[in-house]
Amino acid sequence: MREAHRGSGPASGGPPHDALRALLADLHRALRARPEPAGTPADLRAVARQVGPEADLAARFAAQAAEAGATVHRCTAGRLDAQVAALLAAAGARRVIVAGAAGQWLDPSRAATLAAALRTAGLEVRHAGELRFGEADAAVTGVDAAVAETGSLVLSTAGGLPRGLTLLPAVHVAVVGCAQIVPDLCDLMDRLAQRELPSCVVLATGPSKTADIEGVLVTGVHGPGRVAVVLVEADGAD
Amino acid sequence: MKDEATIRTRAAEALRRPAALEAVRAAAARKVAQRHAAMQALRDPQALRRTAAAIRAHTLAHLPGYLERFAAQAAARGAHVHVARSGAEACRIVLRIARAHGCRRVVKAKSMTSEEVGLNAALRSAGLEVVETDLGEFVADAAGEPPAHIVTPIIHRTRHEVAAVLARALGAPVPVDPAAQTARVRAHLRRVFAAADMGITGANFAVAATGSLCLCTNEGNGRMVTTLPRVHVALVGIEKLVPDLPALAVLLKLLARSATGQPLTVYTTLLTGPAAPSDPDGPRALHIVLLDNGRSRILGGPLRDVLRCIRCGACLNACPVYRHVGGHAYGSVYSGPIGSLLTPLLAGLRRGLDLPRASSLCGACAAACPVQIDIPELLVALRRQTIRRQPGRRHLMMWSWALLMRCAWLYRAAQRLLRGVLRDAGDGWARRGPGPLRAWTEWRDLPRPPAESFQRRWARENGDA
């Protein structure tokens, strides 16, 4: 599918431009019939912002993420390998995918180091490309960013990682550098608006859940049932 | 009168199942408390609501421009953009897409728009296999019934009923524990996802500046449906547009808080175009179907504000009528206060005219609405619009009443007549009137009028004529 299609393609019955133009004409007519002045709302951020940059972002993020049902663990860079190994052991995960991406705190070289350490600890570590249904017990990944206001992890296809990586395994361990935390959803959207968006950006807040049956909260519906966030503090020697 | 009987008869039927209604009441009460707590935790919730309302009003007032921008941006990122003026056309377009891509097995994330146009039925009768993947929708679909609530489709079902429905659908006995039931559905749907070739979703918002779709889910089925199948079709009402990402942030802050009390749903997914050629997974083709189906007509009418709705369900949870009769009593895809407006409006006032009457105009809905839709005012406006379509008997009643009010001697004569016909139950209260008064007194007790009206007594005691 090339960009030149510009809205037409094998599955459109007739030029959709005509259909769109007809709709737009009707909408213009409808609005002229009842003109109502509605200017652009003034600075949205002033009203919408919940968390400012002066807040203790790591603490706020940790509290929100925990409220959403994730577990949050803080450690220094030097203790990362041990922390992740402990989390995976606690979750009973044996087959693990470790994946980092450029631009994340857990970049490809740190991810390789972590993968090696986990292999030494006796785990079976695979690559992201080897992901199959139910074959990986856990995924250990970095994040593009984290949002303190909501306790969310920002995961995207920007690093060339599959969408299914943070979706299919039952356990997700997310490694977040403290400097990656933005205060507020407004800040995240501003950041996303600055560059071309990747095809898929997910704000993940806690484990997958539902309360459809009698309002009883159940986790692990389709996405990971267990989400552990490792917050890496900046330490002197990295 | 016939229209009025419809919601009443459905409500009467619903009232015969007190257990289901108790579940509705309990869940609604819980949601109201959660929404309240979440809104209180915001820095300035009323200012946020005002801003959200302003964003929605602004977008609707400039809808053609934003739609055009959205279509251009989405197409530039490789999405195919279609326009469906009616529900039937939407179904035809989706079928055409399925045929063009050779798709037979469809998985769906929850989409009210797809229910509105009857997409499942259209696809199934064309021989496609369609599976709902939202847990509540899966159960409702398996039970052969429509969802009972915009956000929580099986709010009225017990775990035992769910176990029975699932046992039939999965062909094996199912425990009554909700966690175990969920695990069974998860396992079943993993297989279904793996085999599916088309995923269909709605969209909570469509961002004009970037040509992106925003999907908000808790379960992860929205992500599954847009990751595994090779074709993704999104059915999007034209009113779902937002100008840009900063505006989206404002609305996202209110959506989940209003619906379930969470700051955000577990997964907020922003999709822009199909998967890039270098992406390891994701749909190779993205088709966005922009749906009109009456919305353009509403835009040109006095009830335009109804299009601001972001489908949070807060008005349902707040509404005393909804809490007492449940969603199915409304007989339509959209229930509760917003449904009482949307159903007749989308149908061009050809059906659902009984719904705007089913309200005491208490205003709980307007107070809960994150985008400040003045639902009671719109209900009254809709009642006014439908007044010409009322049965003759009601016109006669209103005409008679107006006549009595204008004509003093006729009024006094009517008073004397009323005193004559209202039977006293012995304690000074009249509980049952004869003939046409019978229906009116079924739910009302009147104190029996005294022997002498105040005016006559005054005249007598003060010697006036």
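This is a predicted model: local features need pLDDT of at least 70, side-chain atom pairs count only at pLDDT 80 or more; totals for chains, interfaces and linings use all residues.
Residues are numbered from 1 along each chain as its sequence is written, and local features need pLDDT of at least 70.

The size of an interface is often given as the accessible area lost when the parts come together. Here chain B and chain A bury about 7,600 Å² between them, 62% of it on carbon and sulfur atoms; this buried area is the accessible area (1.4 Å probe) that two parts lose on being put together, summed over both. On the side of chain B, the greatest losses of area to chain A fall on B:R186, B:R223 and B:K253, together 8% of what that side buries. One of these residues, B:K253, also forms a salt bridge with A:E149, with the closest N and O atoms 2.8 Å apart. A salt bridge is a side-chain nitrogen of Lys or Arg within 4 Å of a carboxyl oxygen of Asp or Glu, and the interface holds 5 of them.

Strands also link the chains. Strand β9 (residues 200–204) of chain A runs antiparallel to strand β9 (residues 267–271) of chain B, joined by 5 bridges; strands (E, at least two residues) are DSSP runs, and two strands pair if DSSP finds at least two bridges between them. In this pairing A:V201 stands opposite B:L270.

Within chain B, β9(B) is in turn joined to β6(B) by 5 bridges, again antiparallel, and B:L215 stands opposite B:T269.

How values were computed: Chains are lettered from A and ligands numbered from 1 in the order in which they are written. Side-chain values use heavy atoms; hydrogens and water are left out. Helices (H or I, at least four residues) and strands (E, at least two) are DSSP runs, numbered from the N terminus.
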